[in-house]
Number of protein chains: 2
Amino acid sequence: MLQFSDISKAHEIIIGHVHRTPVLSSRSLNAICGAQLYFKCENFQKVGAFKFRGALHAVLTLTDAQAGRGVATHSSGNHAAALALAAAMRKIPAYIVMPQSAPAVKQKAVKGYGARITFCRPTLAAREEAIAQVLQQTGAVFIHPYDDEKVICGQGTAAVEMLEQMPPPDVVIAPVGGGGLLSGTAIAVSHLCPTARVIGAEPKNADDACRSLHSGNLVPSIDPQTMADGLLTSLSLRTFEIIRRHVSDILAATEGGIAMAMELIWERMKIVVEPSAAVPLAVVMEHPDTFKNQTVGLILSGGNLDLARLPFRPK
Amino acid sequence: MLQFSDISKAHEIIIGHVHRTPVLSSRSLNAICGAQLYFKCENFQKVGAFKFRGALHAVLTLTDAQAGRGVATHSSGNHAAALALAAAMRKIPAYIVMPQSAPAVKQKAVKGYGARITFCRPTLAAREEAIAQVLQQTGAVFIHPYDDEKVICGQGTAAVEMLEQMPPPDVVIAPVGGGGLLSGTAIAVSHLCPTARVIGAEPKNADDACRSLHSGNLVPSIDPQTMADGLLTSLSLRTFEIIRRHVSDILAATEGGIAMAMELIWERMKIVVEPSAAVPLAVVMEHPDTFKNQTVGLILSGGNLDLARLPFRPK
């Protein structure tokens, strides 16, 4: 099982290549929530998301022989851009399988880093077939978005920095999709600040991790519909085991709550975050008793979204 | 005439009460513009705009007798919120004259700081009449949004900080509406970095300052139509004189250029800025030869806008 020392080593490996993103706070958000909130701004990370930490760690720890074959993944989101940039930095090829339906802006970002894109139909079966074919043709090393120890360790480095940048927290909240970020965060926090609880934040409309933790059985996410498009995936056995051991609870937020939390972050903190990144604040606002008067670290996971399509309403 | 020492004194007075906002840069924006750009993020200032510096300086330098009468102004924008907060901090009344048409969100902000709002019809005559009546009834001290030495000195403190936070610039660009920020910036830069040019940035659709500087006569701004709603006002004789002495040029940007610059700042820097704040970057992008390979300081003036009404287009 992964140890904190693995995250610590990952941090040493990537530290010169990732941004040490700031931790921000807002008096008015603290007043609204009745808690002391500290936001780790991974929206300012390279490629605009924490995903760069894990992808870079995975790429930098390949042997030269492995690296020479290039890396591959399937993702329509931040992991694709992160792996593409990490591969470009090591000057090796990146092969990305993306659904045809991926937003043009994300396709452009991945191409901009020089990755080769293979498009597939937007189904699980088509994706699996496409990635299998790419791996066979290229011999590239598959880097899973979250079911990968190197990736999990890289994601955990955000929490390591956050704990150095804020007072000792009572709670740390990270969003959970596949569970890579939450797993890394939980291992880091349980070692560095063992009195703090670690809580996962999930959309109610994609609450498979919540149901998995409460039932003790891995429940898959089936066709979830949420604006938090970074949190659609299901836990893996690996992330589920880590979460069961180190995470206190997983709490869910409504779509309306996520949109409101996102707008508050934009309006009060003047920073751009994507819907998935607003889920931890939405959880705080929808569970006020749980967080009252607590010191809370929240990971703002990313800032990539289509600016022409925002869920804000006129006031 | 105002001296740098006046700005220096203003900085000492307000320094414990304003945020020392960060200076950010973006590799991808530098690549796009072919220049080294440093952005002074006054969108992170209290009330979300540089205006707080000038309003606070004006309020803190009132005698106790003056302060006891309270302060008043007319503004539907950032100066209103800035004066309201500054007055609240000194625990004195603030009286704000606002057009009935001011956005609800701005009315709410001003009320939230405890100011008393007098509404008027959205014409110059109605506004003048309303403010005259408020001043007569209350005896409050009128704090003009920009035609005021204390205000100008306060605004100049943003440039003082920026020059400490970046390499020596070849050019500093500030947006220009009434000219308070540009005047303070020009006095500060011409003293601290005399080799640097200071350039004003203005919407083409409200280019009265540009025409004033080029013709040598103060040209008023008549019913301008621009999304940069902080830059609608005309220069005063006071700001015009300072600008003539210390500003190299005023360059204008199109509405399309302002929208594109704003979107690039949001997308690449992950920060929320209002249209007026994007005008300096728009000027750089529309005058590439002027800024090629230069080190440029740009003041991002504020981050207050209606998030439900953005000028971005689907990609």
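Q: In what order do the 6 strands of the open sheet in chain B stand?
A: In this predicted model, local features need pLDDT of at least 70, side-chain atom pairs count only at pLDDT 80 or more, and totals for chains, interfaces and linings use all residues. Residues are numbered from 1 along each chain as its sequence is written, while chains are lettered from A and ligands numbered from 1 in the order in which they are written. Strands are DSSP runs (E, at least two residues) numbered from the N terminus, and two of them pair if DSSP finds at least two bridges between them. The pairing in this open sheet of chain B is mixed, and the order is β1-β2-β10-β7-β8-β9.

Q: Which strands of chain B stand at the edges of the sheet?
A: A strand at the edge has a single partner strand, so one side of it is left without a neighbour in the sheet. In chain B this holds for β1 (23-24) and β9 (249-253).

Q: Which residue in β10(B) stands opposite V171(B)?
A: Strand β7 (residues 171-175) of chain B runs parallel to strand β10 (residues 295-300) of chain B, and 3 bridges join them. Opposite V171(B) stands V296(B).

Q: How many residues of chain B are in contact with chain A?
A: Two residues are in contact if their C-beta atoms, placed from the backbone, lie within 7 Å. By that criterion, 20 residues of chain A touch a number of residues in chain B that is 20.

Terms used:
Helix = DSSP H or I, 4+ residues; strand = E, 2+ residues; numbered from the N terminus.
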